[in-house]
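Here is a walk through one structure, for a reader who has not seen it before.

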Amino acid sequence: MLAFAMAFVLFVNYSQKKILKEQMRVQKLDYKHQEELLHATILTQEKERNRIARDLHDEIGSKLNVIFLNICRLKKHGQKNEEIQLITDEVETVIHTTIDSIRFISHELLPPTLEEFGLIETIRELQHSYNLAGKVQVDFTTVDDSHPIENSLIELNLFRIIQELINNSIRHGKATEIDINLHSEKTSIKLIYQDNGTGFDTSEASYKKGLGMKNIESRLHIINGTYQLDSSKENGTTVMIEIVPNKTHEI
């Protein structure tokens, strides 16, 4: 009986270990599948952004230029008519504003600087566009001897993350000042993002991660990144990001 009991216990232990091992294998496969699905979703999203940006630039932008040329012709022929001059001036102003808006949106969707000059110059371009608009002051600093980021997937996703953080700061935090610090080494990339917005209490039950933060988490997961978020009411928000480049893959 004692031998039978011991054999039964050993059999149960063996069965439990086997079941646990199988569960871990299934979870690992499920995790890998989710990671691949997430990566594919991000890639599809970027391809769609590229398509929309090109359509805006090539189709709508070119047609607006044609309209502008016709307005100039109409303005020339109606020089003696004050009403025509007034109308054409108003239309011309609207066209210029619309062209600038399309250029800004297309650059947001597909920044050409990123592919040609890299992440640092693209952030500087983004900084300039926000500072020129005047609604928020963006300061960007980086170390001169920073190691170049040679991974296009990291550059693209970090840029998208910075875009999302700035949008959150302006839209939800009502921030007027934003500081971005980027330091890249061979073994790690560190980004510190701070704003002077209204902030929020992450410990409150009412706090829920919005779609923006979930998107940031998804992108960080793809490029093997982690983040820490520090925020409190009326004290702004700080986000610290760290990425290990050699564990990621290219697009």
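Predicted model: local features only at pLDDT ≥ 70, side-chain atom pairs only at ≥ 80, totals over all residues.

An α-helix has 3.6 residues a turn, so residues three or four places apart point the same way. Helix α2 itself covers residues 82–109, which is 28 residues. From its first C-alpha to its last it reaches 41 Å, close to the 40 Å expected at 1.5 Å a residue. At the start of α2, the backbone nitrogen of E83 has a side-chain oxygen of N81 within 3.0 Å.

The next part to find is the sheet. Five strands make up an open sheet with mixed pairing, and their order is β1-β2-β3-β5-β4. The edges are taken by β1 (137–142) and β4 (225–231); each has a single partner strand, so one side of each is left without a neighbour in the sheet. From one strand to the next, the twist averages 10°.

Strands of a sheet pair through backbone hydrogen bonds, either parallel or antiparallel. Strand β2 (residues 177–184) and strand β3 (residues 189–195) run antiparallel and are joined by seven bridges. I178 has D195 in β3 as its bridge partner.

Two helices that pack on the sheet come next. Helix α4 (residues 119–133) touches β1 and β2, and its direction makes about 160° with that of β1. Helix α5 also packs on the sheet, where it touches β2, β3 and β5 (237–243). The direction of α5 makes about 10° with that of β3.

Is T122 buried or exposed? Its relative accessibility is 1%, and therefore T122 counts as buried. Leaving aside residues up to four places away in sequence, T122 touches P111, T113, L114 and F159.

Q163 counts as buried because its relative accessibility is 6%, where the cut-off for buried is under 20%. Which residues does Q163 touch, not counting those up to four places away in sequence? They are E108 and L126.

Definitions and conventions
Residues numbered from 1 in each chain as written. Heavy atoms only, no water. Buried < 20%, exposed > 50% of the residue type's maximum accessible area, 1.4 Å probe, protein only. Contact = heavy atoms within 4.5 Å. Helix = DSSP H or I, 4+ residues; strand = E, 2+ residues; numbered from the N terminus. Expected span 1.5 Å × (residues − 1). Polar contact = N/O pair within 3.5 Å; in protein donor to acceptor, adjacent residues only side chain to side chain. Pairing = 2+ DSSP bridges. Axes fitted to C-alpha atoms, helices over the stretch in contact; angles between N-to-C directions.
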